[in-house]
Amino acid sequence: MRLQNHPNPNPEIFLEFNGKTVPTDEENISDAISLATEEIAGKGKGISNKPLTLVVKKNGVPDLTMVDLPGITRVPVHGQPDDIYEQISKIIMEFITPEESIILNVLSASVDFSTCESIRMSQKVDKTGQRTLAVVTKADKSPEGLLEKVTADDVSIGLGYVCVRNRIGDESYEEARVEEARLFDTHRHLSKINKSIVGIPVLAERLVKIQATIIVKCLPGIVTKINEKLTANVEELNPKGNGLENILEESPSVAGRRHKLKNNIELLRESKDVVANIMDMISDNFDY
């Protein structure tokens, strides 16, 4: 899902998959996703590594991209292949391994966190938990003992926990947030949890800040790679001893290569400017 803050008061929502764009709206998102999923992975419980992107352009949402990975399945059902666990594991590891990825572990309040397969997988690629955040859902269904679970942190979630209430029935997003705030303000168990780790708005803010922090860490490496490619392209474009007489004698293929190198150099220089602007924007908006 790709969220984009948009000044237009009317939300713009659409799906991107198989090279096409399908408009939808808030009321019909679920049905649209189901139809697209069937087209990509077939009916039943099949999976596919082809992406299905939900783009939401709406006033007030954070600029954020999230990848909803398939749930871990160990026992094949409804015609799933025998290696369904291996297929799902491969997809999950592909997305959570890159250092710039934030791993969002979604845990039900009712389960023992230490037995969760998703935590075991995330610890394989993020042993210190420095890019792993846990979201505890269904807090209203299993409130007893939740405070102790998220404060004890027996499974070493480096970025901590955020407890949320799932939307119920036909609640709108706004209605669900009102009910969520009321729950964590008034419930005899949940009201004891620190307000800095409860609610969807807190989760969105945390994700944006964590994303900004990771970008800041990764950008210097990106700049280094851009400089290396820029230097290599410049050296190939202007090798030593390449005088005017050699340029005049170039074959069409060499001339084409030279034109491509010039375009690459221009794009790399533009990329450096974009990276510099991103770093300036992040430093102006966040404190570290």
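1. Strands β2 and β3 run antiparallel and are joined by 5 bridges. (Strands are DSSP runs of E, at least two residues, and helices are runs of H or I, at least four residues, numbered from the N terminus; two strands pair if DSSP finds at least two bridges between them.) Within this pairing, I13 stands opposite T24 in β3.

2. A word on the source: this is a predicted model, where local features need pLDDT of at least 70 and side-chain atom pairs count only at pLDDT 80 or more, while totals for chains, interfaces and linings use all residues. Residues are numbered from 1 along each chain as its sequence is written, and side-chain values use heavy atoms, with hydrogens and water left out.

3. Back to the sheet that holds β2: it is open, has 5 strands in the order β3-β2-β4-β1-β5, and its pairing is mixed. At its edges are β3 (20-24) and β5 (64-65), each of which pairs on one side only. Helix α1 (residues 29-41) lies across β2, β3 and β4 (53-58), at about 10° to β2. (Contact means heavy atoms within 4.5 Å; axes are lines fitted to C-alpha atoms, for helices over the stretch in contact, and angles run from 0 to 180 degrees between N-to-C directions.)

4. E16 belongs to β2 (residues 12-17) and R2 to β1 (residues 2-5), so the pair ties together parts 14 residues apart in sequence. The count of salt bridges comes to 10, taking a side-chain nitrogen of Lys or Arg within 4 Å of a carboxyl oxygen of Asp or Glu.

5. There is also an open sheet of 3 strands, β6-β7-β8, with parallel pairing. Because β6 (103-108) and β8 (161-163) are at the edges with a single partner strand each, one side of each has no neighbour in the sheet. Between β6 and β7 (residues 132-137) there are 6 bridges, and I103 has T132 as its bridge partner. Helix α3 lies across β6 and β7, at about 160° to β6.

6. (On a 1 Å grid over the protein atoms alone, a cavity is a set of points where a 1.4 Å probe fits but cannot get out, and lining residues have an atom within 4 Å of a point; points are joined across faces, edges and corners, and the volume is the space filled by probe spheres set on them.) Its lining includes T132, V155 and I157, and helix α3 (residues 117-125) gives the largest share, 3 residues.

Note on methods:
1 Å grid on protein atoms, 1.4 Å probe; cavity = no way out; pocket = protein on both sides within 12 Å on 5 of 7 lines; lining within 4 Å.
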